[in-house]
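I opened this structure for a first look and kept short notes. The entries below follow the order in which I looked things up.

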Amino acid sequence: MQATRREFLPLAATALSASCSKKQMEPMIKSGTSAVVVMKAASYSVDLVSKILDGIRISNLDVKGKKVLLKPNLVEFDHNTAINTDVAVVAAAYEAFRSLGAQVVIAEGPGHRRDTMGIAEQAGYRQGLEKFDSVFVDLNRDDVTAVQNFAHHKQIYLPNTALAADLIVSVAKMKTHHWAGATLSMKNFFGLVPGSVYGWPKNFLHFTGIDKSIIELNRIFPKTFAIVDGIIGMEGNGPIQGTPKHAGVMVMGTDNMAVDATCCRIMGIDPNKVAYLAGAQHLGIVEQARIQQRGETIDSVATDFQLIKEFANLSLRHAVAQSMKAG
Amino acid sequence: MRESYLGRRFRHLKQTQNSDGGWGYFEGKRSWLEPTAYSLLALHEEAGTPAWEKGWNLLRSWQRDDGAWRPSEQVEDGHWSTALAVTLHCIRGAYDSQFRKGVDWLLDSSGEETRLVNRIAAYLKGESPTGHSLEFRGWPWRPETASWIEPTAHSLVALKKAAPQISGHLLKRRIVLGEGMILRRRCDDGGWNYGSKAALGIDLPSYPETTALALLGLQGNRDAELGPAIDRAHKLYNEPQSPMAKSLLKLSLLVYGNKFPEEKPSDAGRDVLVTAIEAISSSGTTHPLLRPVGVA
């Protein structure tokens, strides 16, 4: 049987973690409520700038004079599917934040391939983003600074461009993920970890634990805004080999966890069963009752994303069926 | 007279050298080992000049007590780019204690999947944890992680260059095991992905850069059937590619004896590493330095 890294890495990570001292997770739960904006967007040709400006306004985000880093999800390119954040969404976000007086860079460190510029070219970023070469930073090969404490590690090296940003905008793709269940705005932060230090793939994160690494990166970068491109997402064997899924939606907010929890509900996934969401409630809000849903209701845009059999238990339908069975 | 393609790259490299002697990945950025090693290799005919020696001394200063090289002044950890430092020592003919410590570190380094705890886990599960044979040992990007194609390829280049200086069977054994690892992870299209030929039972395509580097690492292997891999590299080279992919593919095809027409004059890009690789793959005299002894 081929490619059982999926089975191996968690196993290895567990074995390694067991022998290391674990940092206790903060027990507290974030208080209050978080607003999440859900907007319909039938295609990439609608006025995405206006939608993003609405999302920023509703979220009460003031970015004038701020250093804003737009972090798309740029992984690999395959004509047959929808792996990356569509360039139209990235271009619209760039225009929206610039129009509000922010200093904007677009930055990404793809996880599998060191040839960032090659992927950017294939994914249409060079053609679709004005002055691409002057606004794009390859985070894999940026200068770095050590940040103390990362899971059970003494430190992690992170790109200076990301550390210097006042706001990191996770311009993510709505996808299922064959190791994490779903990859949305929080998992997108893996691209902030520099390949020049950790390699391609960033295997250090797998050995640390995927869920733990997602949580830790989101702890280190708390000033965020999320824009999830669910216009065409990916279902099945994501994040690379899945099938395009038209969901016709964009989800935005300042609380990445609340945004991801909302995305999960739209995708028919129970966010409480996604390990990194369940394990990080000190960072943000997952509970539906404490998320102020703005724009569209979840029901009006919900569309089930197909899950691989290993994650069938994450399905909200599965949860309902189980509770009916138990009842 | 218009400055040649190669001349522009040499000039760009000289202009982008940092005051500490090294090179950053991009102009104006801090020095890193990888672009510094490639730039020193590209400019190897300048060895002995103050500028070249400053870069060489900087690179040498980044070796740790355990023999590994750190990837930059800012990063403390041992790193795969130790292989580049060892290769450069061979090309320089600097077979001193630093060279030997670097070789020893490489010989001691291997993917985490071959460690006892993971072998036991594999045994208990009745299969290889990675879907790969654990008989073969590649190299990781950094300690305590699994082995991958690219660091393994670089380590093979380094150890093959170092082989004439190192006695004992260990080095030769690691070369055999490392080559075996690369050969067994070849994609069905003939080239190499970053590490797995398939994921969840679905074939993965090869990439230009990893295919090029795997071929570099396999130089001198007379047993493997590399024809399909070279064909794949040719095919990729003839498709539209980024400057990085194009220059790495050209370099790998050159070491296998392929010829290319002289490049038309064009400016170097802002990527210093790519500029250095373009210079190495265009000079006609530099790529042979990456061949192991005994390979014409």
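I began with the secondary structure of chain B and found 12 helices and two strands. Helices here are DSSP runs of H or I with at least four residues, strands are runs of E with at least two, and both are numbered from the N terminus. Read from the N terminus, the order in chain B is α-α-α-α-α-α-α-α-β-β-α-α-α-α.

I noted the ground rules next. This is a predicted model, in which local features need pLDDT of at least 70 and side-chain atom pairs count only at pLDDT 80 or more, while totals for chains, interfaces and linings use all residues. Residues are numbered from 1 along each chain as its sequence is written, and chains are lettered from A and ligands numbered from 1 in the order in which they are written.

I then checked confidence, where pLDDT is the predictor's confidence in each residue, from 0 to 100. Chain B averages 93, and 95% of its residues score at least 70. Where pLDDT is low, the predicted coordinates should not be read in detail. For the complex, the predictor gives an ipTM of 0.94 and a pTM of 0.92.

I looked up the dimensions of chain B. Its C-alpha atoms fill a box of roughly 65 × 45 × 35 Å along the principal axes. The radius of gyration is taken over C-alpha atoms, and the globule rule is 2.2 Å times the number of residues to the power 0.38. For the 296 residues of chain B a compact globule would come near 19 Å, and the chain has 19 Å, which agrees.

I found 53% of chain B's residues buried, meaning 20 or more other C-beta atoms within 10 Å of a residue's own, with C-beta atoms placed from the backbone. Of its contacts (C-beta atoms, placed from the backbone, within 7 Å) between residues at least 6 apart in sequence, 63% join residues at least 24 apart.

I turned to chain A and recorded 14 helices and 11 strands. Its C-alpha trace spans about 55 × 45 × 40 Å along the principal axes. With 327 residues, a compact globule would have a radius of gyration near 20 Å, and chain A has 18 Å, which agrees. I noted 57% of the chain A residues as buried.

Last, I examined one strand pair in chain A. Strands β5 (residues 144-150) and β6 (residues 153-159) of chain A pair in the antiparallel sense over six bridges; pairing requires at least two DSSP bridges. A:A146 has A:Y157 in β6(A) as its bridge partner. β5(A) and β6(A) form a hairpin with two residues between them, and A:A151 in the turn has a positive phi of about 50 degrees.

Notes: A residue is buried if 20 or more other C-beta atoms lie within 10 Å of its own, exposed if 12 or fewer, and partly exposed in between; C-beta atoms are placed from the backbone. Two residues are in contact if their C-beta atoms, placed from the backbone, lie within 7 Å.
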